[in-house]
Amino acid sequence: MKFFNEMMADETSAREPYQIYKEWFDSQNPKALKRKSAEAEAVFRRTGITFNVYGKKDAEERLIPFDIVPRIIGAREWMKLTKGIDQRVRAINAFLHDIYHKQEILKAGRIPQHLIENNEAFLPEMIGVTPPGGVYTHIVGIDIVRTGENEFYVLEDNARTPSGVSYMLENRETMLQMFPDLFAQNRVQQVSDYPHSLRRSLSDCAPSACTGKPVLGVLTPGIHNSAYFEHAFLADQMGAELVEGHDIKIQNGRVCMRTTKGYEPVDVLYRRVDDDYLDPLNFNPDSMLGVPGIMDIYRAGGITIANAPGAGIADDKAIYSYMPEIIEFYTGEKALLENVPTWRCSEADSLAYVLEHLAELVVKEVHGSGGYGMLVGPAASKKEITEFRKKLEARPSNYIAQPTLALSTTPVFTKSELAPRHVDLRPFILVSPNEIKITPGGLTRVAMKEGSLVVNSSQGGGTKDTWVLED
Amino acid sequence: MLGKTANGLFWMFRYLERSENIARLVEAGFRMALTRSQRQGGDWSSVLTTAGLLEQYEAKYSDFENKSVMDFLLRDRTNPSSVLSSMAEARRNARLARTALTREVWEAVNESWLRLSEVLKSPLQDKERIPDILALIRRQSAQVQGAVQGTMLRNDIYDFTRLGTFVERADNTARILDVKYYVLLPSGASVGSSLDNVQWETILRSVSAQQAYRWLHQGEPTASAIAKFLILDTCMPRSLSFCVKEMDLNLRYLNQEYDQVSESSQKVKALQQEMKACTIEDIFESGLHEFIGDFLQRNLAIAGQIETDYRFFA
């Protein structure tokens, strides 16, 4: 398989966005760069940018590997991407509104009814509810991969609680500290106003019960959650309180947090807790992470929950395969960003094809995430494929399959030189009633192992600073 | 501010103070062990008693070897009050209260934890290293306090950090006095008319005050001068009166900011007034041991009242 190299046009010359960087790199002393690379790790450790790995009790907090070579995107390339992203995010919000109200897309027969009805991500509690400001997905992460100069695919949509934005911000801070001269030579678009934009965007969706300046809270499952650092980071940067379920109770029709002066109302809750755990009275009764009764307050306009409960129906992997139809249905336009061709294993023909071609395909769980429970055919052993086949045959509707994409590479700095590694990109999008704001760049995840196509941090992937150059 | 955050701040600073105090106790004990060949076990056992850890220690070890005691006090994670455990707790609470800390304070405490867990990773074989390690522990704590002084707003957040510090410090100084009070009794059976030099020096060392004491009281140390210094001297930053004065101050700031008079502030005010009114002679007369016991109880009650007043828990 041949892979698109984002840095090099051929053996010797760099592609346009990388030209200044390449010149700079060639003039550097590899030893000094190696030292910088170690320095970067020390910075991350000191700052405490770590994540906890699930399933490993008392495991050390881990650092996500950081690579010092930026991933660079040209202004025009980015422009093209943003148009596609903007369109997709608008469609997702329109879809969510429709699916919880008139369900016209189902009536029009554009997506099958059973896909919604039998879907755990669909919340009947949200039927007829319009969230404050009409916004369902306040924060969206769209995972994009590249396979050629002009070939981009959306790998998946994250409409629930996309994570990783703290890495986008900290990666940039670290690069600014370590390589100030690079930023003097390259005109890189800023990302640092993200927390401020997030605050404003959430405030613009304040509920009707809010009087005065909206009070924001970030709801975290707690200190042991793998993304706790990010929750604390965002709360801190936005000037919001970082709350857990036990800090909150319902009082006088409002959601209130226990402060040192007593209980005070919260207007907007940026929750990093899944739907199922959000409200033990309305959803999973065993949840200790949520707030009993919060859904009732939500429906009565007493609080904004971001993202809206039930938004997950839009990023379900079975729905994903219908995204081109969804975009066309709500925007009247053809999708600007392509979907990866997807076989729905719930359909007999597709299943037959997938079973026959397991060794070539990537098979994913419909509700899975984080790179768990998936099969990467070309990288799997015969035994792994045989075992996966059994799982697939037992519950076909639980899986979708996609061709193994020839993911583009950007170089990483190994001990002394550059070496290509596969990457993806997660841009972060903020949605408010007035605008859709796309932060230039996003999080580039990189497979640190040679040849590996899995970029998830839970599977050993790393990150890079992502530059979008100014025009 | 969230009650949970106030709780995190309060305990973060209690644990920071605790790790520093344990380091001071070890320093004093270590010096004694070096300067005296006899009665070594007795010295360490009084250090462990002061830290409230004798029982736990004896459950684990059968003698008082320097190495075992220092391992237990400095790096044993099964001992919840060891320096390493205290730092881990300080950092855990800092993570809970992360949104109330400046980046500098957070990085200082995170770095302290990283440094100390590195340095204390392996058993302390080498005696040469011990003074360095003890100095490092104190320096790390000073770095956090310095970042607090230099970067934190003087608001309720700051008040809770100070309350944690002084509740813990008062407890520590009172415990030292509680264990060693017999040394300071004017006619203790074991000491005769003049004070046991090594004993009183250890007391001063364990609160890092031997130098300050010399400045204030040139000449022979007397029992009542040392007791007065550690209990009633409001210039001495580790004395009971100083700690109570600081608690009073910070609780009054909170009263102002929250526009209320909290119960904890009243409790502290009462204690402070009583201490202001009494002399060291009064204390000796009614019993030093009883006085210290009573102080420890009241300090505990104040900590509990702060927890309630500011809704640390639901």
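This is a predicted model: local features need pLDDT of at least 70, side-chain atom pairs count only at pLDDT 80 or more; totals for chains, interfaces and linings use all residues.
How far apart do the C-alpha centres of domain 1 of chain A and domain 2 of chain A lie? They lie 26 Å apart.

Start with the division of chain A. Domain 1 of chain A takes in residues 16–340 together with 405–468, while domain 2 of chain A covers 343–403. The contact between these two parts involves twelve residues of domain 1 of chain A and ten residues of domain 2 of chain A. On the domain 1 side of chain A, the residues touching domain 2 of chain A are five nonpolar, four polar and three charged.

Next come the sheets of chain A. In general, the strands of a sheet pair through backbone hydrogen bonds, and the pairing is either parallel or antiparallel. One sheet in chain A is open and has four strands, in the order 7-6-11-12, with parallel pairing. Strand 7 (241–243) and strand 12 (304–306) of chain A each have a single partner strand, so they stand at the edges and one side of each has no neighbour in the sheet. From one strand to the next, the twist averages 25 degrees.

Which way do the side chains of strand 11 of chain A point, and are the residues buried or exposed? A:Val268 and A:Tyr270 point one way, A:Leu269 and A:Arg271 point the other way, and all are buried.

A further open sheet of chain A also has four strands, in the order 14-17-15-16, and its pairing is antiparallel. Its edge strands are strand 14 (343–344) and strand 16 (375–376) of chain A, each of which pairs on one side only. Strand 15 of chain A, residues 361–365, is joined to strand 16 of chain A by two bridges, and the two run antiparallel. In that pairing, A:Val362 stands opposite A:Val376 of strand 16 of chain A.

Now turn to the contact between the chains. How many residues of chain A are in contact with chain B? There are 18, and they meet 20 residues of chain B. On the chain A side, helix 2 (30–47), helix 9 (228–238), strand 7 and strand 9 (254–259) each supply at least two residues. By class, this side of chain A has six nonpolar, five polar and seven charged residues.

Chain B is divided as well, into domain 1 (1–152) and domain 2 (154–314). The C-alpha centres of these two domains of chain B lie 21 Å apart. Their contact takes 28 residues from domain 1 of chain B and 26 residues from domain 2 of chain B. On the domain 1 side, helix 1 (3–35) and helix 2 (40–50) of chain B are the elements that give two or more residues. Helix 1 of chain B gives the largest share, 19 residues. This side of domain 1 of chain B has 13 nonpolar, eight polar and seven charged residues.

The last stop is a pair of helices in chain B. Helix 6 (residues 103–119) and helix 7 (residues 129–151) of chain B pack at an angle of about 170 degrees, with their axes 8 Å apart. Angles over 145 degrees count as roughly antiparallel, so helix 6 of chain B is roughly antiparallel to helix 7 of chain B. Among the residues that meet are B:Val105, B:Leu116 and B:Val119 from helix 6 of chain B, and B:Ile133, B:Leu136 and B:Val148 from helix 7 of chain B. By class, the contact between these helices of chain B has eleven nonpolar, four polar and two charged residues.

Key. Residues are numbered from 1 along each chain as its sequence is written. Chains are lettered from A and ligands numbered from 1 in the order in which they are written. Domain bounds come from an automatic or database domain assignment. Two residues are in contact if their C-beta atoms, placed from the backbone, lie within 7 Å. Ala, Val, Leu, Ile, Met, Phe, Trp, Tyr, Cys and Pro count as nonpolar, Asp, Glu, Lys and Arg as charged, and the others, Gly among them, as polar. Two strands pair if DSSP finds at least two bridges between them. Axes are lines fitted to C-alpha atoms, for helices over the stretch in contact, and angles run from 0 to 180 degrees between N-to-C directions. A residue is buried if 20 or more other C-beta atoms lie within 10 Å of its own, exposed if 12 or fewer, and partly exposed in between; C-beta atoms are placed from the backbone. Angles under 35 degrees count as roughly parallel, over 145 as roughly antiparallel, 65 to 115 as roughly perpendicular and the rest as oblique.
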